[in-house]
Amino acid sequence: MNLKSSLKPRIAAIVAVSAIAFGVATPAHAIFGVGDTVFDASNFMQNMLTAARALEQINNQVEQLQNEAEMLRNQARNLTSLDFSALSELKSTLSATNRLIQQAQGLTFDVSRMEEEFKRLYPESFAAGLSGAQMAGDARQRWRNSLEALRTATQVQSQAMQNFTSDEQALTDLVSRSQSATGALQAMQATNQLLALQSRQAIQAQQLQIMQDRATALEQARQVAVQERAREVRRRFMGSGTPYTPQRVHFYDN
């Protein structure tokens, strides 16, 4: 039973009493003699109209109060927060991928140090004073860098595959809570977490692409270095003197 329906019997009773009270005729000069009390129909009707207008005004006020109460209930539902959060799990899976990248061996990810190491291991040309043993050691390090880059790329791929299961469960939970949200705040929070899941997946895809591109770049740089090293080894083998020129040999003065 709402507020309006509960007040109607009371209002009707008030109107009835008012009608009876207002219906008591005021003393007037009677037609049949002075001092007699007569029924004033016009006054009675006026009182009834006044009571009806008062009832309508009260009904309007009751309806207004009911609308305000409904508005407050809607505001309470809209301000109810979502009792579920997948953010910690999303951050955990992203941190796992970051740890794999940070633990990667080979060429460093530090920009300044990487530039220095790259110039040493992948030079445009090998210095003449560089020993053969140093050249062989650098070649070994280049091979190791390529191998570690490929290993890290495959590890990130494996981690991405492991994240699919947790992502699927998080997506199911968030969509379910979004569809059953009781208010605007819950729906907004569920949507924000869905966007966070999408962003985490985009970051993970970017990390994987970076690692794959890095492995490809290092392997290509290693192949270029191998060709340059082979050229330098051939140059050292041939030497820088006058090359041998074949000549005719005469035997027995012929």
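Predicted model: local features only at pLDDT ≥ 70, side-chain atom pairs only at ≥ 80, totals over all residues.
Who lines it? The residues are Ala104, Gln105, Gly106, Leu107, Phe109, Asn145, Glu148, Ala149, Thr152, Met211, Arg214 and Leu218.

The largest nonpolar core has eight residues: Leu107, Leu121, Tyr122, Ala149, Ala215, Leu218, Ala221 and Ala225. H6 brings the largest share of this core, four residues. Take alanine 149 as a way in: setting aside its neighbours within four places in sequence, alanine 149 is in contact with Met211, Ala215 and Leu218. There's also a second, separate core of six residues, and among them are Leu82, Ala86, Ala170 and Ala190.

Now for the charged side chains. Side chains of opposite charge can pair when their charged atoms come close. In this model, a search of the whole structure finds six salt bridges, and here are some of them.

Back at the cavity lining, which includes Glu148, the side chain of glutamate 148 meets that of arginine 151 in a salt bridge, at 2.8 Å from N to O. Both residues sit in helix H5, three residues apart, which is about one turn of the helix. Glutamate 148 is buried, with a relative accessible area of 11%, whereas arginine 151 is partly exposed at 39%.

Glutamate 232 forms a salt bridge with arginine 235, their closest N and O atoms being 2.6 Å apart. These two are three residues apart in H6, so about one helical turn separates them. Glutamate 232 is buried, at 2% relative accessible area, while arginine 235 counts as partly exposed at 36%.

Which residue forms a salt bridge with arginine 200? That's aspartate 167, with the closest N and O atoms 2.2 Å apart. Arginine 200 lies in helix H6 and aspartate 167 in helix H5, so the pair ties together parts that are 33 residues apart in sequence. Arginine 200 counts as buried at 4% relative accessibility, and aspartate 167 counts as buried at 5%.

Definitions and conventions
Residues numbered from 1 in each chain as written. Heavy atoms only, no water. 1 Å grid on protein atoms, 1.4 Å probe; cavity = no way out; pocket = protein on both sides within 12 Å on 5 of 7 lines; lining within 4 Å. Core = buried A, V, L, I, M, F, W, Y, C linked by side-chain atoms within 4.5 Å. Buried < 20%, exposed > 50% of the residue type's maximum accessible area, 1.4 Å probe, protein only. Contact = heavy atoms within 4.5 Å. Salt bridge = Lys/Arg side-chain N within 4 Å of Asp/Glu carboxyl O.
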